[in-house]
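Here is a model to walk through together, helix by helix and then into the ligand site. Keep the structure open beside you as you read.

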Amino acid sequence: MKIGVVKESIANEKRVAIVPESVKRLIAKGFEVIVEKDAGKAANYLDKEYQDMGASIANSFSDTASKSDILLKVRHVNSQEADQLKDGSYLISFQDPVNQKDNVSKFEKKKINSFALEFIPRSSLAQSMDVLSSTGTIAGYKAVMIAANAQQKLFPMMMTAAGTIPPAKVLILGAGVAGLQAIATARKLGAVVEAFDTRPAVKEEVESLGGKFLEMPLEEDAQDDQGYAKEMSAEFIKKEMELIEKHIAKSDICISTAQVFGKKAPVLVKEYMVQKMRPGSVIVDLAAEQGGNCELSKPGETVDYNGVLIIGPQNIPSMMAEHASKMFSKNLENLLFHIVKDNQIDLNSEDEIIQRPLITKNGETVSQLLKDILNK
Ligand code: NAD
């Protein structure tokens with residue numbers, strides 16, 4: 001089977017779907033790999049490195065797409081690229097299918113079998129293919145770096161001849177993949193860390209990383225039967241905000257990562273809470289693009305509210321393109337090795353790892369998950 005790797009077309013997207021070291025392993029498993037010229041350049045992977053691993057270089061998107069059975073990309077294709085896909089081929093990438101409805105219609109017409117990577121199940125079996133876990137890991141790490149850089153204070157406790165500096169106090173909201181990585185990173189830098197998540201199951205993980213898990217009585221079930229976080233009631237969020245209000249006022253840094261899949265991010269930090277924070281404090285709102293956990297955050301901007309900085313970073317993985325691409329590439333490799341058997345993908349297989357991300361198949365939209373999200 002021929003795999004095509006194309007250059008990203010979305011502005012400021014520096015990642016590449018496959019890095020040279022993966023090419024070697026893919027070829028060893030019987031795939032042929034075609035890489036669009038300069039596809040990896042922005043992430044520091046050069047054409048020569050791909051060629052050395054056995055890939056061939058194609059001149060353009062259309063050249064790569066026309067030669068490939070499976071096209072791999074990080075972000076969704078643009079309209080022009082969607083028109084250039086080879087009829088009946090496979091496309092594997094983030095698809096943002098809720099917002100890119102025109103693409104989905106084009107895939108139906110061209111009988112593209114498209115897999116949306118954001119829909120990969122977040123199960124133990126699929127963990128090595130879960131690109132959202134990789135991006136969350138990178139975002140959690142970098143959020144702490146962004147906060148540390150924006151602050152005028154030190155992170156670790158320091159006992160010096162010029163006196164003792166107390167450790168930074170960090171509050172993490174949401175202890176999923178990004179939140180846990182933020183806890184680990186802030187602890188490594190010497191901060192004192194508190195965290196809250198609606199899923200009590202993560203208490204142990206927070207504590208094993210050296211964080212303190214904030215507790216509140218949970219009368220509602222916070223996760224569904226598959227372990228996914230559930231949207232909480234307005235009454236719950238009100239009580240949660242009372243808890244956050246007490247702790248955020250004493251924090252130097254708040255990193256918010258609270259999110260329920262497919263929903264707008266819950267607003268947990270209101271203006272009156274930010275008013276209680278000391279000038280110089282920093283909020284990094286990782287959910288800014290999903291509406292924000294802080295009502296003052298703006299995606300892609302830093303808001304200065306009476307000296308408190310509220311930062312809403314966008315596309316952190318692209319800021320860390322070299323390693324983000326390496327992780328993405330390994331996730332894709334694992335996915336390809338899982339779904340391609342005897343040179344074929346069995347689209348009728350009952351395997352959840354095939355069915356959940358499959359958006360369009362043989363000219364039809366088949367994703368129940370997508371239909372459910374669009375109908376809500
Ligand atoms: P995740 O699903 O692993 O974690 C989200 C966590 O939020 C879950 O543990 C969930 O239980 C918790 N949660 C849900 N509602 C809550 C509430 N009301 N209060 C407290 N916790 C609550 O997701 P993730 O991979 O860790 O990503 C977290 C956020 O970071 C998402 O919004 C994601 O889009 C964003 N993100 C941003 C970037 C970026 O570049 N800006 C990159 C990656 C991820």
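Helix H1 (residues 20-28) packs against H12 at an angle of about 15°, and their axes are 9 Å apart. That makes H1 roughly parallel to H12, since angles under 35 degrees count as roughly parallel, over 145 as roughly antiparallel, 65 to 115 as roughly perpendicular and the rest as oblique. The axes here are lines fitted to C-alpha atoms, for helices over the stretch in contact, and the angles run from 0 to 180 degrees between N-to-C directions. Helices themselves are DSSP runs (H or I, at least four residues), numbered from the N terminus. H1 passes H12 in a right-handed crossing, a term used when the near helix is turned clockwise from the far one by less than a right angle.

A word on the source: this is a predicted model, in which local features need pLDDT of at least 70, side-chain atom pairs count only at pLDDT 80 or more, and totals for chains, interfaces and linings use all residues. Residues are numbered from 1 along each chain as its sequence is written, and side-chain values use heavy atoms, with hydrogens and water left out.

Now turn to H6. The axes of H6 and helix H12 (residues 321-339) come within 9 Å and cross at roughly 160°, so these two helices are roughly antiparallel to each other. Their crossing is right-handed. H6 also meets H7: the two axes come within 7 Å, crossing at roughly 40°, and H6 and H7 are therefore oblique to each other. This crossing, too, is right-handed.

H6 leads us on to the ligand. Which helix gives the most to the shell around the ligand? H6 does, with four residues. Helix H6 (131-150), helix H7 (177-188), helix H9 (234-248) and helix H11 (316-319) each supply at least two residues of that shell. In total, 30 residues surround the ligand, each with a heavy atom within 4 Å of it. The closest are Ala178, Asp197, Arg199, Glu240 and Ile316. By class, the shell has 16 nonpolar, nine polar and five charged residues; Ala, Val, Leu, Ile, Met, Phe, Trp, Tyr, Cys and Pro count as nonpolar, Asp, Glu, Lys and Arg as charged, and the others, Gly among them, as polar.

Finally, look at the polar contacts (pairs of N or O atoms within 3.5 Å). A polar side-chain atom of Gln259 lies 3.0 Å from an oxygen atom of the ligand.

Notes: Polar contact = N/O pair within 3.5 Å; in protein donor to acceptor, adjacent residues only side chain to side chain.
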